Amino acid sequence: MTHCILIGAPVDEGQRRPGCLMGPAAYRVAGLASTLIDLGHTVEDRGDLSPAPGRGQACANPAVHHLPEIIAWTEALRASGCSAMEEGMPIFLGGDHALALGSLAGVAAHARAAGRPQFVLWLDAHSDFHTVETTTSGNLHGTPLAYASGRAGFDPFPAFPAPIPGRNICMFGIRSVDSAESAALRETEIIVNDMRVLDERGIVAPLREFLDRVQAENGMLHVSLDVDFLDPSIAPAVGTTVPGGTTFREAHLVCELLHESGLMTSLDLVELNPFLDERGRTAKLMVDLVGSLMGRKVFDRPTHSY
Ligand SMILES: [Mn+2]
């Protein structure tokens, strides 16, 4: 039994397609709390965070937009994430992926205080390894992993509390990396399981290798699930669709393996844009995946008679 702490983070300023701010409401409507309760967990919904007003910070890169707002989100999420870690498992309801700047800062600060290494599993089509200096789109939702790994180029963000070593970060399902990110990633020890790797090796072996290390080092494990990890044919409600994503079965398998490992200590659900959804199907799928992450066996149900 896990005490699940829902933290709504309607961040919409990390990209340019409005709608992610409706994400937390969509997860609630799709039955996230009752799914968790039915699995025997307790749920505490802390509502939606509202960050302090932006303080007008600026940076040298003219492409960057909404910098003060995203810094304010980062500070608010760091504080609420770190304190939620003391009491249970935070589930951050996005909001675009910029929320992970703050959720990762919060959980990493807690892990440092607890004297345990922080690990990150990044389930995403994108590597999100730009910095405030390098982004050409100016969309800060493409930066959280660079921030968490302590990359330079984040002025005027607050320093990341406890930078996460590259070998503790595993990207999974990646299929859209630009050349600047790719060059920067090659300088790191980050484990990049892109779709080519998963096509060749399957999902299970690369995931188990990573989870075995988390276990061996008594790590905390933050899982960041971006809607675009999934194939757009099953999860259309995202502003950054990339063909060739994970299938329904692959995604549930990842979630079931994570549950069996017992290692996940915090979770982001990001990039759901309910305005682009079809009768709530993407929100429902994301809630179903959380069910698998928290103990439901999708393919273990009694067969109905016809
Ligand atoms: Mn992402």
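Two residues count as being in contact here when heavy atoms of theirs lie within 4.5 Å of each other. With that in hand, take Thr-35 in this predicted model: setting aside neighbours up to four places away in sequence, Thr-35 is in contact with Val-287, Gly-291 and Arg-296. Thr-35 itself belongs to helix α2, which covers residues 32–38. Its relative accessibility is 11%, and since buried means under 20%, Thr-35 counts as buried. Cys-20 sits 15 residues from Thr-35 along the chain, and the C-alpha atoms of the two are 22 Å apart.

**The overall picture**

Zooming out, the protein has ten helices and eight strands. Its C-alpha trace spans about 65 × 40 × 40 Å along the principal axes. How does the radius of gyration of the protein compare with that of a compact globule? For 306 residues such a globule would come out near 19 Å, and the protein has 18 Å, so the two agree.

The contacts tell you about the fold too. Of those with a separation of 6 or more, 76% are between residues 24 or more positions apart. Buried residues make up 56% of the 306.

**What's inside**

In soluble globular proteins, nonpolar side chains tend to be buried together. Here the largest nonpolar core holds 48 residues. The members that touch the most other members are Tyr-27, Leu-32, Leu-121, Phe-172, Leu-221 and Leu-269. Helix α10 (residues 281–293) gives this core its largest share, namely seven residues. There is also a second, separate core of 39 residues, with Ala-105, Ala-148, Ile-169 and Val-270 among them.

Tyr-27 is worth a click. Not counting residues up to four places away in sequence, Tyr-27 touches Leu-32, Leu-93, Gly-94, Val-227, Leu-269, Val-270, Leu-272, Met-286 and Val-287. Val-287 turns up in the list for Tyr-27 and also in the one for Thr-35. Val-270, another residue that Tyr-27 touches, is a member of the second core.

Now for the backbone. Where are the cis peptide bonds, and which residues other than glycine have a positive phi? Here they are:

| Site | Backbone feature | Value |
|---|---|---|
| Gly-94 to Gly-95 | cis peptide bond | omega about 5° |
| Asp-155 to Pro-156 | cis peptide bond | omega near 5° |
| Asp-128 | positive phi | near 50° |
| Asn-218 | positive phi | about 55° |

Loops are the place to look. Gly-95 lies in the loop between β3 (89–94) and α4 (99–114), and its cis partner Gly-94 is one of the residues touched by Tyr-27. Pro-156 is found in the loop between α5 (144–148) and β5 (169–174).

Asp-128 sits in the loop that runs between β4 (118–123) and α5, while Asn-218 is in the loop between α8 (204–216) and β7 (220–226). Are these two residues buried or exposed, or something in between? Asp-128 has a relative accessibility of 6%, so it counts as buried. Asn-218, with a relative accessible area of 48%, is partly exposed.

Key:
Residues numbered from 1 in each chain as written. Predicted model: local features only at pLDDT ≥ 70, side-chain atom pairs only at ≥ 80, totals over all residues. Heavy atoms only, no water. Helix = DSSP H or I, 4+ residues; strand = E, 2+ residues; numbered from the N terminus. Rg over C-alpha atoms; globule rule 2.2 N^0.38 Å. Buried < 20%, exposed > 50% of the residue type's maximum accessible area, 1.4 Å probe, protein only. Core = buried A, V, L, I, M, F, W, Y, C linked by side-chain atoms within 4.5 Å.
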